[in-house]
Amino acid sequence: MKLEFWILDVNYDVVGGVPEVRMWGVTRDNRRVVVVDRGFRPYFYVLTVKGGSEEELEHIRRALAPYGLLGLEVVEKKYFGKPVKVVKATLANPRLVPKARESVARLDFVREVLEADIRFYMRYMVDNAVYPSSWHAVDVEELDKPPSWKVDAVYLAKKPPVHIAEDRSVPELRVLAFDIECYNRYGEPDPERDPVIIAGVGDSGGVRLFTAQGLDDAPVLREFTSHVKNTDPDVIVGYNSNRFDWPYLLARASRKRTRLNVSRTNSQPAQSVYGHFSIVGRANVDLYDYAEEIYEVKVKSLENVAEYLGVVKKDERTLIDANLIYAYWDDEKKRPLLLRYAEDDVRSTYGLAEKVLPFGIELSSIVGLPLDQVFAASVGNRVEWHLIRQAFQYGELVPNRVERGYETYRGAIVLKPKPGVHENVAVIDFSSMYPNIMIRYNISPDTYVPPGEKVDSDEVWVAPEVGHRFRKKPPGFYKRVLERLLEARRTIKEKLKGLDPGSPEYRVLYERQRALKVIANATYGYCGWSGARWYKREVAEATTAWGRMLIKRTIEYARKLGLKVIYGDTDSVFVNYDPEKVERLIKFVEEELGFEVKIDKVYVKVFFTEAKKRYCGLLADGRIDVVGLEAVRGDWAEISKEVQEKVIEIVLKEGDPWKAVEYVKKVIEELRSGSVDLEKLVIWKTLTKDIGEYEVEAPHVMAAKQLQEAGYRIRRGMKIGYIVTRGGGEKVSSRAKPFFLVKDIGEVDVDYYIKRQIVPAALRILSYFGIREEHLVGGRRQASLFEFINQK
DNA sequence: GCCTTGAAGTTACCG
DNA sequence: ACCGGTAACTTCAAGGCG
């Protein structure tokens, strides 16, 4: 019988000594099924001195005998492009692979054991080109369904499923959002002590809340579990659920001697790779993982992220002080507010999922990691899995992870900007510069020619400055991988042109081209990452070297044409927009250098200071770009960011810096008079390490210490919000106080905010126009003149 | 011993 | 655990001056 199904989750188990890959999915007729394949066995490769001589095989056979060896075979593969003979050792049981590997690695003629660390179900998917979040056709026969399994049918695959690559449709997935609230009378909730007072669940139909009876959460756990079972979602989404909700619920369940059997095999969520919890048969997605990649949102609370993505506006939802959740629970009159808050969290989470899942689905199908893992995996791991997939298709062995020392290499060029306001400026960009460089010059670990090796000079590309050589032929690994990605993206972008932007097809393909771009662009960074399997410093180093050459030659030619080069960074040049000359420049880059460039944008006005990577520009439609400046940084007080934004707007739109001065003075007055929201004075900074590891007493570290003393749990990675107060010493750090402990504007060190926040942010723009601090503060001329003289 | 100065530590940005 | 380049802040200690 033939079956088509869309793969949601993949796992395996060993049944009666036989490993069984289980592919959980949704059929064309919307049934939930699992397709099992019992025909696949784990294996790994052994790279030996003699390429698998009889004697070597005998030794390997003996070493592997205790681990259920099924067979040894000498196979031809490629290792960094070079043909090699390796011994493929096939075992019966995936669980014995790690031990077997160790046993073989000890043999003295064994150079390396390869691919022994690839998880069994991933091995299965890679080898059979089975892709998660994609449709497959498979020949099956139906099996008896174990009574505890939550599926419509269980099938046995006669052969591995075949990917239907051209069909990017997505079945109607049942998505369940959830969120829990815990009792926190004693600070950070502790599952050993504090119950789950509310568990909210929701989908497109609405939200349901399960509540504790007083402080007994047994009903919450029970009802939550049965709700999941009954609604049988394909995707379960939470916010920070891998780090909080799931471990908490599991700990509560264990304490209450009950079980959280929410999976499709009636098992509990289990800690799995990349710190995520795996729920058999479903995709357990933690949207916080996605939020971490949205750098525009500085404080990544659910409500901020939901607002940013246009899901639920902050003023359309209930917000309460999370530290007081217990009080809302204890007080019957306030409890409805807490319930609304919980409901809004679930709504936001569900809304977020609608925005984010389509991208995750495409990413999952491209890199080949199951949907829930792709969210949890780091960028490096995503790229790596994509490469592992490709390596298999090219017959390349996957290199092992090795511990390496950290090495640096030169990166891109950044030009010194020409300070001031420039009108009519075109920004010309190389399209996907690094991927295209790697393709054009065939830069790859397997094409690299080490210094000692003799090669005819016209057979290699030689990187400028650094001199690394790469064979022109055959196409290297990175080249093939990147060409495929860029080509796929081009095709999709072509298709998009003919589609209605409101249609579901458009959405899917749009997200797909975005995912392709993300992976292509991250591949250069990956190759220079010392933790990468395919790391090669020379590869990364040559790529940036060619990048420098390209930008230099582009700038040279622009100047030759008589264009003024105002700025440039890595793969972009800013020139005065003379359409004819710009056209010639583009032609030059395309024809002489062989790279694609495009006009990315044209600024009506753009303003630079002397600093690199910081500018602001006005576009024809009235929008303003702010790049690198304080206004777009998360570690400046809102008040300074607002001031700078407004100053930029006045300067660019009205061209009157002195009007901006008046505005700044007004804000300073408001601050002095105390009519400013405390919220606007909060400075947020990330704790990038554990609190004990800091060498200096930075303000946010001191604020964090105060929080710790007040009983808050402080963890690396947290954003600390503080306000600088008066008194308490010279150092800013001695005056920094956690923002919510500051109750009155009277406590605030207004002077700090004026002199170290507002003035610097404003002057960053205004000092170019001859405006100085004394023009913004003080007001009285005498004082400023006096200060001026004193400075000299 | 006080004040200036610059290095070091730290964070967050750009592409 | 993707890269290097960059600005700018705060702290801290060395160095200079008296």
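Trainee: Which helices each supply at least two residues of the surface near DNA strand C?
Mentor: This is a predicted model, so local features need pLDDT of at least 70 and side-chain atom pairs 80 or more, while totals for chains, interfaces and linings use all residues. Residues are numbered from 1 along each chain, chains are lettered from A and ligands numbered from 1 as written, and side-chain values use heavy atoms without hydrogens and water. Helices are DSSP runs (H or I, at least four residues), numbered from the N terminus, and near means a heavy atom within 4 Å. The ones you want are H11, H14 (504-527), H20 (732-735) and H21 (750-766).

Trainee: What share of the DNA strand C atoms that come within 4 Å of the protein is sugar and phosphate?
Mentor: 30 residues surround DNA strand C, with Ser-378 and Gly-411 among the closest. A polar side-chain atom of Ser-378 lies 3.1 Å from a phosphate oxygen, and a backbone N or O atom of Gly-411 lies 2.7 Å from a sugar or linking oxygen. For sugar and phosphate, the share is 90%.

Trainee: Is His-468 buried or exposed?
Mentor: His-468 sits in the loop between S20 (460-462) and S21 (469-471), strands being DSSP runs of E, at least two residues. Buried means under 20% relative accessible area and exposed over 50%, with a 1.4 Å probe and protein chains only. At 10%, His-468 is therefore buried.

How values were computed. Polar contact = N/O pair within 3.5 Å; in protein donor to acceptor, adjacent residues only side chain to side chain.
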